[in-house]
6 protein chains.
Amino acid sequence: MRILVTNCNTTQSMTDEIVRGARDAASPGTTVEGLTPSWGPDSVEGWLDSYLSAAAVLDALRTYEGPAYDAVVMAGFGEHGREGARELVDVPVVDITEAAAHLACLLGRRYAVVTTLDRSRGQIEDSLHTAGVGAHCVAVVGTGLGVLELGDAARTTDAFLTAARTARDAGAEVLVLGCAGMTGLERAVRDAVGVPVVDGVGAGVRLAESLVALGLGTSRVGGYARPRDKRRSWGRR
Amino acid sequence: MRILVTNCNTTQSMTDEIVRGARDAASPGTTVEGLTPSWGPDSVEGWLDSYLSAAAVLDALRTYEGPAYDAVVMAGFGEHGREGARELVDVPVVDITEAAAHLACLLGRRYAVVTTLDRSRGQIEDSLHTAGVGAHCVAVVGTGLGVLELGDAARTTDAFLTAARTARDAGAEVLVLGCAGMTGLERAVRDAVGVPVVDGVGAGVRLAESLVALGLGTSRVGGYARPRDKRRSWGRR
Amino acid sequence: MRILVTNCNTTQSMTDEIVRGARDAASPGTTVEGLTPSWGPDSVEGWLDSYLSAAAVLDALRTYEGPAYDAVVMAGFGEHGREGARELVDVPVVDITEAAAHLACLLGRRYAVVTTLDRSRGQIEDSLHTAGVGAHCVAVVGTGLGVLELGDAARTTDAFLTAARTARDAGAEVLVLGCAGMTGLERAVRDAVGVPVVDGVGAGVRLAESLVALGLGTSRVGGYARPRDKRRSWGRR
Amino acid sequence: MRILVTNCNTTQSMTDEIVRGARDAASPGTTVEGLTPSWGPDSVEGWLDSYLSAAAVLDALRTYEGPAYDAVVMAGFGEHGREGARELVDVPVVDITEAAAHLACLLGRRYAVVTTLDRSRGQIEDSLHTAGVGAHCVAVVGTGLGVLELGDAARTTDAFLTAARTARDAGAEVLVLGCAGMTGLERAVRDAVGVPVVDGVGAGVRLAESLVALGLGTSRVGGYARPRDKRRSWGRR
Amino acid sequence: MRILVTNCNTTQSMTDEIVRGARDAASPGTTVEGLTPSWGPDSVEGWLDSYLSAAAVLDALRTYEGPAYDAVVMAGFGEHGREGARELVDVPVVDITEAAAHLACLLGRRYAVVTTLDRSRGQIEDSLHTAGVGAHCVAVVGTGLGVLELGDAARTTDAFLTAARTARDAGAEVLVLGCAGMTGLERAVRDAVGVPVVDGVGAGVRLAESLVALGLGTSRVGGYARPRDKRRSWGRR
Amino acid sequence: MRILVTNCNTTQSMTDEIVRGARDAASPGTTVEGLTPSWGPDSVEGWLDSYLSAAAVLDALRTYEGPAYDAVVMAGFGEHGREGARELVDVPVVDITEAAAHLACLLGRRYAVVTTLDRSRGQIEDSLHTAGVGAHCVAVVGTGLGVLELGDAARTTDAFLTAARTARDAGAEVLVLGCAGMTGLERAVRDAVGVPVVDGVGAGVRLAESLVALGLGTSRVGGYARPRDKRRSWGRR
């Protein structure tokens with residue numbers, strides 16, 4: 001099985017990191033390949049970035065010319081675009097936001113998301129709601145760290161632990177890593193906070209594999225019908 | 001006062017029609033100017049189109065070089081992008097989807113949206129929900145007509161009346177025109193169906209004027225803070 | 001255009017103050033006239049007052065003999081009666097509670113109401129919910145000041161700022177002035193708390209103007225049909 | 001124990017009928033007395049009537065000079081006023097709308113209300129919601145009969161059975177009689193439709209008795225504190 | 001009238017205590033009898049206990065050979081089984097969780113439950129929701145005391161008061177005793193915390209009496225049809 | 001990896017069938033073993049059966065003496081017990097109801113469940129809600145077939161197709177097989193109805209594998225703490 005993991009930004013090193021996390025999570029026999037959009041923002045922090053990213057990722061999928069793949073994992077936490085990808089491609093599409101939430105629901109009665117900046121909370125709340133899996137989310141907590149500041153592991157862990165305490169007080173029994181760039185932290189954090197910690201990239205890969213293995217694909221009846229034929233231009237000339 | 005009305009697609013004739021509707025609805029003393037994105041889809045029907053449109057409209061706002069304006073009205077019914085525009089510009093932003101729903105709530109206990117294709121229902125439902133004004137929407141009903149088929153007035157009115165009956169059976173006391181391209185139909189339809197019919201373009205213009213007149217602007221605290229400085233590229237080179 | 005603004009209590013000085021606020025907010029060309037009920041409570045603080053006020057305001061509208069008007073703005077924050085007025089008169093009716101909430105939704109993802117006494121919180125919550133616009137309200141916060149204690153500007157501002165901090169902690173990005181008697185505070189408070197502050201009286205006037213300008217009236221199909229003919233007596237003989 | 005049952009309208013014959021139903025439902029040892037407001041509408045059908053009724057009923061309670069009572073049952077289905085009565089009197093207050101719904105929840109997973117005119121549906125929905133017991137209500141169905149047309153038993157039963165079928169199709173396992181004037185129909189209807197039918201007057205009496213017997217009274221902390229001292233006039237002089 | 005009160009655990013002394021509370025609450029002329037399951041857990045604290053208890057209580061009802069009864073009150077706060085009992089017996093079934101919540105809704109706008117261990121919160125939340133009466137519950141607060149530690153009255157009252165303050169801060173105007181073993185505390189606690197305190201056992205008895213007196217029984221249409229004939233074995237041989 | 005699949009009833013042939021379905025769905029390298037409770041009902045149709053089944057399945061897990069396993073899949077659609085199993089065992093527990101719903105959410109905007117008897121609808125609705133994944137379920141539709149009548153493939157397919165049309169009309173874009181005994185139907189039905197059809201057994205197996213592979217286990221903080229030490233007896237002696 002071949003899974004295409006799309007980064008939501010143009011930073012190749014982040015794609016590489018995400019692909020590493022995805023490969024760690026994948027089943028034997030699954031090949032993971034990363035796809036970095038050729039345009040868009042170099043990190044996604046806020047609504048404007050997110051909409052720009054959505055178009056750029058859809059363009060990357062649309063113009064992809066590599067080997068065929070069996071599923072797409074979209075690695076932007078709280079970012080837009082998943083429904084468009086479901087229209088566009090003929091294989092299952094899983095977004096890491098929803099993926100993490102789906103697994104979190106299986107591990108405890110209530111979960112919380114720990115993310116980067118506070119400004120991203122609204123997008124994540126909306127993304128969970130529209131994915132149908134927001135009911136058990138008791139909090140989305142910011143750490144105050146930007147996407148590109150996550151490299152400093154000690155600082156990140158500290159900030160995460162503070163946020164995790166807030167989440168626990170709000171009733172969370174499970175935590176979700178609210179940024180693709182946090183992949184890899186989950187084991188360290190889990191030990192420190194004493195609750196399960198779900199990483200969306202790993203969750204997305206496993207859910208995508210599950211859909212493919214079960215022969216399940218996106219419904220074409222209703223919202224995710226194929227895009228209509230029409231003129232579209234993708235970015236300014 | 002000067003209001004910039006953004007079309008969500010690249011079809012200039014549709015921009016012209018929307019601007020006509022907006023001018024009809026505007027107060028004396030308000031200038032309305034249209035903005036057509038230089039890229040994107042030629043009509044928006046579905047999620048992929050909507051995300052592409054969102055990025056293109058944000059790019060058009062970002063690179064706009066005309067006279068200063070006091071508010072933005074985004075004329076894509078159910079389309080994405082409004083939160084990004086709120087981050088980007090320093091004046092109020094009103095989306096026609098939410099605008100129509102806000103006014104509809106003042107006219108009856110429950111409202112319904114009559115739109116073009118069934119495939120757009122999901123986007124509209126999500127857009128109303130995330131705008132905080134979905135609670136009183138009892139139905140989003142498709143007419144089966146594509147955006148560019150709305151020109152045939154008799155056929156459009158017929159299809160609209162059929163959809164309106166479905167909406168009434170679902171408990172709607174007010175109808176909302178679920179496409180910017182329907183602007184102008186409201187009076188004809190109102191008489192035929194016997195309930196108030198709200199057009200989002202007119203609603204959006206009046207709400208934008210209201211915010212400006214009251215000195216109200218987008219909150220910068222929380223979700224709609226200004227975009228962070230970073231590298232972004234807008235479309236493929 | 002002529003707008004009738006109904007005070008919810010019998011205190012003429014408060015009607016005067018509300019009318020001043022309404023006139024400040026109105027468009028050029030709009031005439032604002034106040035209507036003080038001839039009976040009812042001298043201020044509205046609680047459910048009993050609110051129901052008494054509702055009947056008295058409806059009686060005032062029913063027996064009004066002044067010049068014709070184009071819309072009604074009901075200036076009781078969280079008070080009852082708006083649906084009855086919609087049945088009774090043939091012009092649009094806007095209540096300041098819902099009006100403020102509708103505009104607040106356009107300015108930020110979540111809003112809060114800052115009101116007078118804690119005992120009014122329940123009425124306000126119910127009023128927002130039944131108006132269809134409660135979903136994005138994260139808190140209704142009392143200042144501990146009675147309606148007739150709002151005259152002391154320094155004390156009011158202080159109490160408001162304390163309440164505003166509570167609202168911010170609950171996630172509010174926009175504040176709503178939860179009492180008609182607070183009209184005029186919004187600019188002072190806005191600067192102090194750094195978020196948009198919406199006054200219901202101004203919001204109500206602008207929304208009423210918008211409905212009139214767009215030719216929109218209350219739906220007569222369903223809940224707001226005209227009152228049936230029958231014997232009614234309005235108060236004890 | 002002595003229970004005061006308030007009619008919501010000025011029609012004494014309806015008070016008498018309600019009192020008969022209440023006495024049939026009461027425990028041995030409970031005395032039921034009716035209270036007819038001296039002003040207000042002669043039947044309540046719509047919002048305007050309902051607000052007028054609320055003030056008139058509160059006035060009747062306020063000026064009541066008969067023997068002391070242990071609880072109040074408010075016999076207006078979907079009508080306003082209950083929260084004001086809770087502020088006003090020092091004994092438990094039960095409204096027949098909420099009472100019927102509470103018992104209905106104990107008899108099946110979902111219930112529906114069958115009422116008089118369609119125009120009352122909104123008030124009933126709001127009343128159930130604000131009472132905290134609307135979640136399991138799947139439908140409020142009108143029979144098309146006005147309050148004062150319920151006298152014709154055959155016609156009423158017929159209309160009720162038609163409405164009951166609609167309710168069943170919506171998933172109702174229990175029906176609620178949505179008008180105080182329907183009291184007495186429940187046994188006949190129950191046999192005809194094969195599901196439990198709850199009458200609010202009987203339910204209200206039994207719930208009021210239960211609260212009194214258990215020594216439970218309205219909370220004075222928060223929303224239902226006693227009315228503040230102030231000038232109030234009750235109706236035009 | 002004869003009411004059968006089922007304990008949810010095998011501890012006879014707790015059955016005795018519950019029966020005492022039930023008798024205190026019952027009307028003159030009502031006979032209360034306790035039923036202790038012959039198997040199951042000796043106290044119920046958590047989901048596993050609760051499911052075991054549900055089966056054991058249903059078995060006790062199924063094999064009960066005492067005098068006929070008119071209603072069942074199930075005295076396990078937050079425990080499972082009530083819907084099964086509704087299928088099984090031909091008389092009304094009231095669970096103390098829902099009973100307390102129904103009465104609490106009549107006494108204030110919002111209520112909270114004070115229970116034993118934090119681990120029971122989830123079950124109680126789910127039980128209130130599925131009973132249709134969870135909307136006005138603002139908090140379920142644990143005291144940290146196990147079921148069998150409630151004997152120490154001073155310690156229990158102390159822990160209860162601490163929890164009650166948390167509940168008040170969350171907006172509760174009424175408290176519910178969240179364990180059958182707390183029956184008897186309500187008067188002491190009520191005085192100390194100044195808000196109404198509802199005991200589920202008393203509430204359950206009175207609601208059961210009400211249903212019987214009004215001739216109301218469980219709906220057999222839909223979810224609570226009689227159990228189908230089939231082979232079932234109740235516990236390991 | 002070794003997965004234990006628990007049947008919810010005592011019918012060994014149904015366990016065998018479920019195990020066949022589970023093995024078809026499992027990854028290479030996963031061993032699936034069935035566990036049939038030694039007591040309980042021979043099929044589960046209704047609440048009483050479901051609670052009896054929950055205790056029996058927990059007893060089977062508690063006394064299981066076979067080889068160690070890595071996860072439990074509970075194969076009762078809409079049946080109780082999953083939270084108890086999460087307390088009891090130290091490996092992930094996935095229930096087929098929630099599993100199917102989680103995957104369905106990834107394939108379309110709204111899903112419906114097609115089940116056996118109408119009487120099971122309530123349990124399924126509650127089970128989806130308490131699992132946090134009910135928001136996108138638009139309908140639970142009965143086929144009218146009992147669990148043990150599913151053997152007749154033609155009749156089952158026919159009944160399923162009729163139910164599927166109802167589901168589609170309610171807005172479902174994806175269907176879920178609402179009974180473990182339907183496993184195997186999904187491919188046939190999918191072709192006939194033209195939408196994705198999710199089987200809970202397969203979904204459960206894949207989700208369980210995913211949790212194990214990612215090193216995720218049930219949270220012990222909060223609701224799913226280990227059962228307390230106490231005396232429990234499992235069925236009558």
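Is C:R168 buried, partly exposed or exposed, and what is its relative accessibility? In the predicted model described here, C:R168 lies in helix α6 of chain C, which comprises residues 153-169. Because its relative accessibility is 33%, C:R168 counts as partly exposed, a class that lies between the limits of 20% for buried and 50% for exposed residues. Apart from neighbours within four places in sequence, the contacts of C:R168 are with C:E173 and C:V195 of its own chain and with B:V221 of chain B. The C-alpha atom of C:R168 is separated by 31 Å from that of C:T15, a residue 153 places away along the chain.

The relation between chains was examined next. Chain A is superposed on chain B by a rotation of 180° with a shift of 0.0 Å along the axis, and the RMSD is 0.0 Å. That is the relation of a two-fold axis. The residue of chain A that comes closest to the rotation axis is A:G235, whose C-alpha atom lies at 1.7 Å. Of the interface residues of chain A, 100% are also interface residues in chain B, so the copies meet through the same surface. Other pairs of chains do not touch: no contact joins chain A and chain D, and their closest C-alpha atoms lie 16 Å apart. Likewise, chain B and chain E are not in contact, with 16 Å between their nearest C-alpha atoms.

The second largest pocket has a volume of about 360 Å³. Its lining consists of 15 residues, and those nearest the centre of the pocket are B:A170, B:G171 and B:E173 of chain B together with D:R121 and D:E125 of chain D. Two helices each supply at least two residues of this lining, namely α6 (153-169) of chain B and α5 (121-130) of chain D. The largest share, three residues, comes from α5(D). Sorted by class, the lining of the second largest pocket contains nine charged, four polar and two nonpolar residues.

Helix α8 of chain B, residues 200-213, has a length that agrees with expectation: at 1.5 Å a residue its 14 residues should span 20 Å, and the C-alpha atoms at its ends are 20 Å apart. This helix is mostly covered, since 12 of its 14 residues are buried. The buried residues of α8(B) include B:R206 and B:E209 as well as B:V201, B:V205, B:L207 and B:L211. After α8(B) comes B:G215, which has a positive phi, near 70°.

The loop between α8 and β10 (232-233) of chain B contains B:T218. With a relative accessible area of 13%, B:T218 is buried, as the value falls under the 20% limit. When residues up to four places away in sequence are not counted, B:T218 touches B:R86, B:V91, B:P92, B:V93 and B:Y224 within chain B, and C:L107 and C:P196 in chain C. From B:T218 to B:R110 the distance is 28 Å, C-alpha to C-alpha, and the two residues are 108 places apart in sequence.

In chain F, helix α8 (residues 200-213) has 14 residues that should span 20 Å at 1.5 Å a residue, and the 20 Å between its end C-alpha atoms agrees with this. The helix α8(F) is mostly covered, with 12 of its 14 residues buried. Among the buried residues of α8(F) are F:G200, F:G202, F:G204, F:R206 and F:E209. The helix is followed by F:G215, for which phi is positive and near 70°.

E:D49 counts as buried because its relative accessibility is 1%. Residues up to four places away in sequence being left out, the contacts of E:D49 are with E:P41, E:S43 and E:V44 in chain E and with F:K230 and F:R232 in chain F. Although E:D49 and E:N9 are 40 residues apart along the chain, their C-alpha atoms are separated by 8.9 Å. For α2(E) as a whole, the 17 residues should span 24 Å at 1.5 Å a residue, which agrees with the 24 Å between its end C-alpha atoms. The helix α2(E) is mostly covered, 15 of its 17 residues being buried.

Conventions
Residues are numbered from 1 along each chain as its sequence is written. Chains are lettered from A and ligands numbered from 1 in the order in which they are written. This is a predicted model: local features need pLDDT of at least 70, side-chain atom pairs count only at pLDDT 80 or more; totals for chains, interfaces and linings use all residues. Side-chain values use heavy atoms; hydrogens and water are left out. On a 1 Å grid over the protein atoms alone, a cavity is a set of points where a 1.4 Å probe fits but cannot get out, and a pocket is an open set with protein on both sides within 12 Å along at least five of seven lines; lining residues have an atom within 4 Å of a point. Grid points are joined across faces, edges and corners, and a volume is the space filled by probe spheres set on the points. Helices (H or I, at least four residues) and strands (E, at least two) are DSSP runs, numbered from the N terminus. Ala, Val, Leu, Ile, Met, Phe, Trp, Tyr, Cys and Pro count as nonpolar, Asp, Glu, Lys and Arg as charged, and the others, Gly among them, as polar. The expected span of a helix is 1.5 Å times one less than its number of residues. Buried means under 20% relative accessible area, exposed over 50%, partly exposed in between (1.4 Å probe, protein chains only). Contact means heavy atoms within 4.5 Å. Copies are superposed by least squares on the C-alpha atoms of residues with pLDDT of at least 70 in both.
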